[in-house]
Amino acid sequence: MILSLTRGFAIGGCIAIASVSSLLADGPADNQAENVRPIPPPGVDIEATELDSLRSSIASVRDRWQQLMQTTKSKHQDFAVSARLEDLEPEVLVFPRAVEMTIEQSIFYSPKAVADAKRLLQIAEDRIDKIADGASWAEVVGLRRSDERQLIAGGFRSKIDDSFQPYGVVIPPNVNAMDASPIRMDLWLHGRGEKVSELAFLNKHSGDPKRYRTGNEPSPISAIVAHPYGRYSNAFKFAGEVDVLELSDYLQRRIAIDKHRIAIRGFSMGGAGCWQIATHYADRFFAATPGAGFSETPLFLDVFQGEDAAGTAPDYQKTLWQLYDCPPWASNLRNLPTIAYSGEIDRQKQAADVMEAALAERGIELVHLIGPQTAHKIHPDSQQEIARRLDLIERQVSPSIPRNVHLTTLTLRYSRMHWIEVTGMEEHWSPAIVNASILSDSNGTDDQITIECENVSRLRVHFDSGQWPGKPSGQIAVTINGQPVVNTRIGPTVRSDRSLEAEFQLDGTWKVASDDSQTLRKRPHSQGPIDDAFMDRFVFVLPTGTSGDPAVEQWIQSESKHAMEHWRLHFRGDVRTIMDTEVNAETMANQNLILFGDATSNAVIARLLPKLPLQWTNDTIRIGKHEVSSVGHVPAMIYPNPEAPKHYIVINSGFTFREYDYLNNARQTPKLPDWALIDIREGANFRDSGKVISAGFFNESWQPE
C-alpha cells in the first residue's frame, strides 16, 4: 500500500531515479579497493598545547573517579555502595573516553570541537560531584519534572568489551519520565554520518534543548526517544545491533518504560538498521517505522555503487548476505505492525520497494507512505501521518501473549519469537519456518498447541510465570505437523504459577526432547559464522611463541594488530587482550577466545588442536577434504571451545569485513563463513586478510563437509 499524503492518499507511482546528494551513497568512486579513503575521515590540526590540556583534564577526571571509588570502598565496606558507584561509572567515564578517542584518532573536525571536548569533560566533573553527594541516577544525568524538552547524554557499559558506549535521550515537554507510570519509548536509529564521533554525538545530546534540531527524528508528544550511538557507522549490525538491545534494557532499568510500548524507528542508515532489527526481533517492539536506507546487499550496491556484487562475490558470501538481507525474513513482520516511509524522488526508496515486493509474495500488503516530490528527508505531512498511525497502533497494544506466532529464521542466532524457539535446524541458511497456535477445546478452554514447521529438528515452547493463557493445570496436548506428541511421563504440563515449558525433537517422529546438552551441535548463539563471536563477550589471546614459518609469523603479528586496531577504529570498542600463557579455566568459561598464532606460537591453539576438526602439521593444513601446504598458509575458523562449549574459539581472524567495506554500509556483511584456508604469502589488503583457497560451513554437528 503506497500512500501519497498530499494527493488524497492516492496510490503512488514508480521507483524514482532522480539525482540526490552524494551523502546518500558514495558511488562508483568508492569501488576502488586499492585506493580506499579513510573512515572516519581525518580531522583538522589542533595545537599541541590544546591537546596536552585535554589529556590532562581526561587524567584528572579518571583520577577523581578512582579516588571516589577507593574512598567510598574503604569508608563503607558495603557491597551495595560499591555496586552503586560501578553502576553509575559509565555515566561519567563515557565523556573522557569520547575525548580520548577523538585525540587518539585525530578526528576533531573543527577548532570548535576543542571547546566541545572541554564541555564534556566538565560534565563528567560535575557528575562526580553529584555522585559523591549521593545523587540518584536521575539526578546525575539531570532528569527532572519539566514542562520543557529535556536532553540526556550518557553511557552504558557494553557486555561485549566493557567499553562505555554513548546514548542520548530526548524527553518531550510535560512528559514525566520520573513517575512509576510506564511510558512509551521510541528507539531512533540515526543516519550515516562519517564525522559523527562519540564527541559529536554526546555534544549534540547534552546541548541546549531549545536549540536541539530534530530533523528527520520523531518528536512524539507522549513518548521519550532513545538514541543509540550504535558504534558509529555500521548500520546497527553486529556489535551495533547488540548495543541497541542493551540500551533498551539499560533504560528500562532506569526509567518506567512500558516494555510493551517500545517502537523501533530510523531513517537512512537508521532505516536500514530498523528494517534489519524489526525483521529479526519482531517480538520486542509494538511497531516499526523504517525510512529510506537499504534492506539488502546486492541490489542496493548495484543501484548505488554500480557494483556487481552478485556477479563477483563467492557463493559463501552470497549465502552470508542472508544474515542481514531482510527479504528472506519479511514474514516475521506478521508479528509487528510496520509503517514504511520514502521520499518520492529519493533513490533510497529502493529499500521499501524491495520489502514491499517481498511482503507481497507472503500475502502481506506493506503500508508505504510517500513524501511527495521529496528527496532524502521525511516530509512534514508524512511525519504527522506516521505519528497518527503509530498512536493508533499504540492504543491497541495488549500485554497478553499472542495466540498465533510466526517465525522465519535462517540461523539460530535469531531463534525465538514470543513463546516459540527453534533450538535445532536441519540445515542452516535455508529458511526454518514455524507457525504455532494456541487452540481451544469444545468447551472453549485453551488446552492445545498446534505447530507447523519446516527445516526444524528441535523446538521449544516457553511461557513464563503467568503467561500461559489456558487452563490452570494439567497436561497440554501438542501437535506438530499434524502428529500428536504423546508422552505421559514428562510434560508439557501447566505449572502452579501458570508457566509452561517443553522442548521437542524430530527423531523419525516428533517427541518430547531428551537432554542432549553434551552433544556437539549447532545451537542458538553457537552456530557461527566467524563474525558471530564478536557479538558477545570476547578477548584476544596473543601468542608468546614464534611460528616456524617467517611469513606466517609476520602475518600473525600484522593481522592480530589490524584486528585489534580496527575493533577500536570501526566498532569503537575497547580491546581486551591476554597472553596465551595466562589463559585459565575462568578465562575459558567467561568469554569467546580470539586466538592468533599456530600450534608452535600459541599454547592455547596447541592444547585445543587435537579436539578440533582441523589437522595442522608442519606440512599440511586440512579441514575435511580441503588441504593446503602449511608453508605460507593459515586456517581461519570458529568453533565451540572444547573446554567451554558455551563459548567460541576463533582462530586467526577478527571481524571479517575490512576498510573497503566501511565505505558503504550495505557491504558490511560477513566475508568468511565458519572456516577458511588462506594463502598469506602476498599479504593482506583493504578487502581480504589473504587469498582464500577454500572456505565453507560446518554442518549442524560442527563437522566439515
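Start by selecting Asp162: at 30% relative accessibility it counts as partly exposed, a label for anything between buried (under 20% relative accessible area) and exposed (over 50%), using a 1.4 Å probe and protein chains only. Asp162 sits in the loop between β3 (150-157) and β4 (164-171), and has a positive phi of about 65° although it is not a glycine. Helices (H or I, at least four residues) and strands (E, at least two) are DSSP runs, numbered from the N terminus.

Before moving on, keep in mind that this is a predicted model, in which local features need pLDDT of at least 70, side-chain atom pairs count only at pLDDT 80 or more, and totals for chains, interfaces and linings use all residues. Residues are numbered from 1 along each chain as its sequence is written, and side-chain values use heavy atoms, with hydrogens and water left out.

Next, select Arg498, in the loop between β20 (493-494) and β21 (500-507). Arg498 also has a positive phi, of about 65°, although it is not a glycine, and at 35% relative accessibility it counts as partly exposed.

Now for two cis peptide bonds. Ile39 to Pro40 has omega near -5°, with Pro40 in the loop between β2 (10-11) and α1 (48-76). Gly528 to Pro529 has omega near 0°, and Pro529 is in the loop between β22 (509-512) and β23 (538-542).

Select residues 79-104 for helix α2, whose end C-alpha atoms are 35 Å apart, in agreement with the 38 Å that its 26 residues should span at 1.5 Å a residue; the expected span is 1.5 Å times one less than the number of residues. Look for a bend of about 40° at Glu89, with Pro90 following within four residues; the bend is the angle between axes fitted to the seven residues ending there and the seven starting there. Just after α2, Ser106 takes a positive phi of about 55°.

Move to helix α12, residues 380-395. Its buried residues include Ile386 and Leu390, and the buried residues pack against β5 (183-189), β7, β8 (287-291), β9 (339-343) and β10 (367-371), where contact means heavy atoms within 4.5 Å. Over in β10, pick Ile370, which counts as buried at 4% relative accessibility. The C-alpha atoms of Ile370 and Lys646 are separated by 46 Å.
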